[in-house]
Amino acid sequence: MTEELISRAARDILQAKKVVALTGAGMSVESNIAPFRGKGGIWEKYDPVEYAYIDVLIRNPGKTWILLSEMQKEILKAKPNPGHVSLAELERLGHLSSIITQNVDGLHHEAGNKNIIEFHGNHRDAYCMECSKRIKAEMISLESLPPRCECGGVIRPDVVFFGEAIPHQALTQSHQEARSCNVMLVIGTSAEVQPAASLPDIAKSHGAIIIEINIEATAFTGYTSSYFIKGKAGEILPQIVALVKSASANPAA
Ligand code: OAD
């Protein structure tokens, strides 16, 4: 069953003029980065209302930085997994137009993808909330929280907090990609956070096939998704991309 769906996904990708991927935290679980929801998820340990809203960062940055420092340490240690590597290969083969990612870990960049829309920003970049000076995450000392700039201002990562808008360019480009693709791969996202969760619906309403890859069913499954491939991103994507690659190498076969 899963094998048939994997072959079907490879065929749909080969026949599509434009393929776009939407990725979520499940994409990086096999790189040892915790997801947000579900067992072992970040929101099990930290209530987002108490830690992840922009007004908390402004009022009590030391508290938000308890969560941020944990995320930062995990992200700086992480390496792309076979799922990331497969999406980079798919782009090199000319069968992936772009990745819209909700992840802030930068692992799609590290895997080698070029066309990436970072919907929720990137945790590897940070800036001072006072003087706007930019700083790389690996240069930030976490010895005393919150970390501060030379000017005394609080440093924040360049990510979207709850209560903040999605960067305008990321939003308009993502909508454009969703409207114009023939296939959208929806990988490792719980479908719970808007506006990212509306992108597959936009793609579908413009005629795209939605291929969902996840270890468990979501609100997309059976509704927005054209079909659902149950499994780990790091196991399913390499199999799909191997089929795309061999068909690209032997087009008559
Ligand atoms: P979630 O943590 O909500 O969901 C992760 C999804 O990945 C779940 O559906 C899991 O079943 C699935 N999953 C786990 N391991 C997997 C694996 N190895 N392979 C495939 N799927 C797997 O993460 P997101 O949907 O990305 O926003 O969350 C969306 C947003 O909510 C995040 O970007 C973040 C959070 O609040 C902000 O910080 C603004």
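How far does a backbone N or O atom of G26 lie from an oxygen atom of the ligand? In this predicted model, the separation between that backbone atom of G26 and the ligand oxygen is 3.4 Å.

| Residue | Backbone atom | Ligand atom | Distance |
|---|---|---|---|
| G26 | N or O | oxygen | 3.4 Å |
| Q102 | N or O | oxygen | 3.3 Å |
| A233 | polar | nitrogen | 2.9 Å |

Taken on its own, the ligand has 800 Å² of accessible area, and the protein covers 93% of it. There are 23 residues around the ligand, among which F36, R37, T189, S190 and N214 come nearest. Sorted by class, this shell consists of 10 nonpolar, nine polar and four charged residues.

Strand β4, made of residues 121-128, pairs with β6 in the antiparallel sense over five bridges, and Y127 has R156 in β6 as its bridge partner.

N113 counts as buried because its relative accessibility is 3%, where the cut-off for buried is under 20%. The side chain of N113 reaches the backbone oxygen of L87 at 3.2 Å. When residues up to four places away in sequence are not counted, N113 touches H84, L87, A88, E91, L96, I99 and H108.

Notes:
Residues numbered from 1 in each chain as written. Predicted model: local features only at pLDDT ≥ 70, side-chain atom pairs only at ≥ 80, totals over all residues. Heavy atoms only, no water. Near = heavy atom within 4 Å. Polar contact = N/O pair within 3.5 Å; in protein donor to acceptor, adjacent residues only side chain to side chain. Areas by Shrake-Rupley, 256 points an atom, 1.4 Å probe, with all protein chains shown as cover. Nonpolar A, V, L, I, M, F, W, Y, C, P; charged D, E, K, R; others polar. Pairing = 2+ DSSP bridges. Helix = DSSP H or I, 4+ residues; strand = E, 2+ residues; numbered from the N terminus. Buried < 20%, exposed > 50% of the residue type's maximum accessible area, 1.4 Å probe, protein only. Contact = heavy atoms within 4.5 Å.
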